[in-house]
Amino acid sequence: MPVGTVPVGTAVSVKVPATSANLGPGFDTLGMALALYDDLEVTVRERPGATVEVRGYGAGEVPTDESNLVVRAIAHTFAAYGIEMPGLDLVANNVIPHGRGLGSSGAAIVSGIMAAKGLLAGIVEIDSEALLTLATELEGHPDNVAPGLFGGLTIAWTTPEGPRHKRLSVHRGVSALVCVPEHTMSTAAARSLQPASVPHEDAVFNVSRSALLIAALVQSPELLLAATEDKLHQSYRASAMPETNALITTLRDAGLAAAVSGAGPSILVLCSDPEQRLIAARLIAEHAETPWQVMMLAVDLKGATVITHPVEALA
């Protein structure tokens, strides 16, 4: 095989988990992978360009040509290594809701980069640091892509040399419940509600809660309610998500560690025992003014995966 080419007929299968960023106080820093997955199939074809068949969320809405975010992520990865992207046929099976704060755009970016990693296997090797760098270049914030790439609980930060992450294993007693409304929320719109600066005492408050949250998720789940308090972002965005804010107040008043998932409007409830998930689901059903989908999800432990199907394996 000539160096720098991918044979026609080569295919890859990619699986990427949903994610929830911030987790309350960990704004732009903490994220968690959840066991809800988008699947992607990519096959190399002779004809240049790319076409995308979208199934599930985004069908009939997102682009199906080379402007598709998944294709852009593949092209970005190939370009980073100086290799021309081959012609591609993609089938995207989207299970992660779009525009709900569960990392759908991050999952699309991770899907594309992992697909490129699989297609380039044997030509170039892309390590975890490079994967995070490529994903952050497209997403803008490493906390939105690190948990999707690596699974579990991730701490992400940036350095002059690029983004970095630390993956932690979540205590086995922690489980998650995600409440998803029918309406969406733009991440850009949510960020526009943030002030340019915050009071010193609020910053200190969140530093303490973020540190406590790591301890709660890794070692002491009984501390989750206090550990998910926040003063940096949720209150500023509350006016744009009044029902989300009201339901979080109801859940927290009942002793449940509820927070906005990502930019919202979905709600993440971190539970220290299975009974709490049932209580949270009941409270949502009783107090929600509009339809909400309730999903009881495990923490994903693997992150994104890719399987390469060489041409000879398809013969």
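Tutor: A salt bridge here is a side-chain nitrogen of Lys or Arg within 4 Å of a carboxyl oxygen of Asp or Glu. The model is predicted, so local features need pLDDT of at least 70 and side-chain atom pairs count only at pLDDT 80 or more, while totals for chains, interfaces and linings use all residues. Residues are numbered from 1 along each chain as its sequence is written, and side-chain values use heavy atoms, with hydrogens and water left out.

The whole structure holds five salt bridges. Take Asp89 and Arg45, which meet at 2.7 Å, N to O. Asp89 sits in strand 4 (residues 87–94) and Arg45 in strand 2, so this pair links parts 44 residues apart in sequence. Strands (E, at least two residues) and helices (H or I, at least four) are DSSP runs, numbered from the N terminus. Arg45 is buried, at 10% relative accessibility. Asp89 is partly exposed, at 32%. Buried means under 20% relative accessible area, exposed over 50%, partly exposed in between (1.4 Å probe, protein chains only).

Next come Arg164 and Glu129, joined at 3.9 Å, N to O. Arg164 belongs to strand 6 (residues 162–168) and Glu129 to helix 3 (residues 128–139), so the contact ties together parts 35 residues apart in sequence. Glu129 is partly exposed, at 46%.

Arg282 and Glu286 form another salt bridge, at 3.4 Å, N to O. Both lie in helix 10 (residues 274–287); because they are four residues apart, about one helical turn separates them. Arg282 is partly exposed, at 43%.
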